[in-house]
Amino acid sequence: MTNEELWQTVLAQIQLNISSANFATWFKNTEIISKENYQVVVSAPNSFTKEWLEQKYGKAILKILHSLDGEIKEVKYIVGKVGLKVFKKTPSLSFSDAGQLEFQEFKVDKETNLNPRYTFENFVVGPFNELPHAAAWAVSKNPGFVYNPLFIYGGVGLGKTHLLQAIGNEVAKGSPQKKVKYIPSEKFTAGVVTAIRNREVESFKAKYRSIDVLILDDVQFLAGKEKTQEEFFHTFNYLYEKNKQIVLSSDRPPKAIPALAERLRSRFEGGMIADIGYPDYETRMAILKTKSRERKIELPEDVLNYIATNIQRNIRELEGALNRLSAYQKLQNQAPNLEIVKSLLKNLILSPAKIATPKKILQVVADFYDLEEKDLLSPSRKKEIVRPRQIVMYLLREDLKRSYPFIGRKLGGKDHTTAIHSYEKIIKELEKDENLNEEISLIRQQLFSG
Ligand code: ADP
Ligand code: MG
């Protein structure tokens with residue numbers, strides 16, 4: 001039996017014993033990549049799936065393998081296909097597999113926080129972002145001397161982070177001796193808090209003052225953080241006077257950021273302010289075409305037109321749509337037709353509330369974490385229950401837009417403040433916890449896939 005046949009046999013048996021949603025979630029893109037003596041190595045597409053396979057299905061998998069081949073005594077799980085010839089490690093822009101999953105290949109630099117996937121080369125320019133793009137490009141070619149600070153603002157998912165990171169990457173490429181640092185405002189705030197607590201304010205200051213290009217993303221999150229604003233004000237002045245470049249982004253213009261110290265606001269307004277609007281139809285089509293090429297998928301014109309017509313206000317969602325279609329194409333080995341596309345994308349295009357219900361969220365989350373629905377409704381403070389319960393509340397709020405009192409009631413008569421706290425907690429965690437991101441996206445796949 002080849003490794004592939006062996007794995008297919010295992011899968012066939014497992015499929016009989018678990019729900020099809022779970023099967024698709026945990027066993028898609030898994031395979032045996034080697035079998036030597038008594039050990040079989042199984043690869044999983046990501047670390048979360050790997051752990052889940054090990055912990056939840058490890059015993060069953062070993063048992064089945066052992067029954068098929070008495071020699072097999074151990075199963076090892078790895079992420080990806082290391083060890084195979086695929087070990088080519090090209091840092092290129094090939095989104096060869098199911099889109100998003102490949103993003104993990106891009107390594108974020110620990111020092112600069114730059115992600116090489118965001119470049120000017122793969123940034124599509126149209127009338128809606130022409131000005132910020134031109135300003136960003138100019139800044140990257142002559143940091144500190146053209147527009148300082150450069151302040152870019154615009155709605156969610158419209159390319160602010162991409163543009164900011166592209167500046168950083170371009171500077172790092174063109175002038176490797178320059179110290180670049182990209183930092184989300186919330187991370188900066190957390191740094192200030194830690195520095196104060198550990199009495200390390202001086203070394204914190206010093207760290208930021210040695211930077212040549214400081215990029216602070218989403219400064220609207222500085223609202224109300226007085227201590228952080230003060231710290232940033234001094235850093236800003238220090239760098240500015242030394243002709244170091246400062247780049248900022250926000251979801252709104254400086255004057256619309258509440259609780260921002262006046263002196264900081266006027267600094268933010270002192271350079272170039274450029275806003276990113278909404279992409280027009282032609283640019284949406286151009287973005288879709290560029291990104292399908294990157295993902296090596298070919299979609300018919302009517303499909304592209306359907307996506308561009310229905311997703312208008314968010315480039316991240318355009319990408320999300322493509323990722324979904326690209327995953328379909330990989331699994332089915334053919335491009336989806338318009339009817340299939342409509343059903344694959346219905347939760348991006350229709351409002352989620354039309355597809356999922358609170359009941360379904362409870363079911364799916366309970367199932368996903370191997371709990372009973374009643375555990376989620378109970379007052380238990382056990383860690384393995386608290387987190388899934390918070391996720392239910394998060395999804396009820398985020399995807400179904402339910403009110404906090406409703407959410408509290410739905411979860412066994414809890415107070416609305418518990419619902420608020422849970423929602424905010426998950427939002428915070430999502431920013432730093434990659435596993436949680438993955439879990440929630442897997443849960444959403446189950447929720448919205450039918
Ligand atoms: P924001 O920071 O404004 O919320 P992002 O920069 O994270 O948005 O952009 C969301 C996604 O859309 C990213 O994957 C980004 O690469 C992509 N994107 C945004 N604008 C463009 C563009 N003009 N060309 C290509 N991709 C884009
Ligand atoms: Mg952003």
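Arg 387 is partly exposed, at a relative accessible area of 23%, where partly exposed denotes the range between buried (under 20% relative accessible area) and exposed (over 50%), computed with a 1.4 Å probe on protein chains only. Arg 387 forms a salt bridge with Glu 429, and the closest N and O atoms are 3.2 Å apart; a salt bridge is defined as a side-chain nitrogen of Lys or Arg within 4 Å of a carboxyl oxygen of Asp or Glu. This pair links distant parts of the chain, with Glu 429 in helix H19 (residues 416–432) and Arg 387 in helix H17 (residues 383–398), 42 residues apart. Helices (H or I, at least four residues) and strands (E, at least two) are DSSP runs, numbered from the N terminus. Glu 429 counts as buried, at 15% relative accessibility.

The structure is a predicted model, in which local features need pLDDT of at least 70 and side-chain atom pairs count only at pLDDT 80 or more, whereas totals for chains, interfaces and linings use all residues. Residues are numbered from 1 along each chain as its sequence is written, chains are lettered from A and ligands numbered from 1 in the order in which they are written, and side-chain values use heavy atoms, with hydrogens and water left out.

Under the salt-bridge criterion, the count comes to 19 salt bridges. One of these joins the side chains of Glu 301 and Lys 289, at 3.4 Å from N to O. Because Glu 301 lies in helix H11 (residues 301–310) and Lys 289 in helix H10 (residues 281–294), the pair ties together parts that are 12 residues apart in sequence. Glu 301 is partly exposed, with a relative accessible area of 47%, and Lys 289 is also partly exposed, with a value of 33%.

A further salt bridge is formed by the side chains of Arg 444 and Asp 399, at 2.7 Å from N to O. Arg 444 is placed in helix H20 (residues 434–448) and Asp 399 in the loop between H17 and helix H18 (404–410), so this pair ties together parts that are 45 residues apart in sequence. Arg 444 is partly exposed, with a relative accessible area of 23%, whereas Asp 399 is buried, with a relative accessible area of 9%. Salt bridges that share partners also join Glu 121, Lys 141, Glu 170 and Lys 173 into one network.

Three strands form an open sheet of order E1-E2-E3, with mixed pairing; two strands are taken to pair if DSSP finds at least two bridges between them. Strand E1 (31–36) and strand E3 (74–79) are the edge strands, each pairing on one side only. From one strand to the next, the twist averages 25°. Strand E2 (residues 39–44) pairs with E3 in the parallel sense over six bridges, and Val 40 stands opposite Val 75 in E3.

Helix H3 (residues 47–68) packs on the sheet and touches E1, E2 and E3, contact meaning heavy atoms within 4.5 Å. The direction of H3 makes about 160° with that of E3; axes are lines fitted to C-alpha atoms, for helices over the stretch in contact, and angles run from 0 to 180 degrees between N-to-C directions. Helix H1 (residues 3–17) lies across E1 and E2, running at about 120° to E1.

Phe 128 is located in the loop between E3 and helix H4 (130–141) and counts as buried, at 7% relative accessibility. Not counting residues up to four places away in sequence, Phe 128 touches residues including Leu 158, Tyr 278, Pro 279 and Ile 315.
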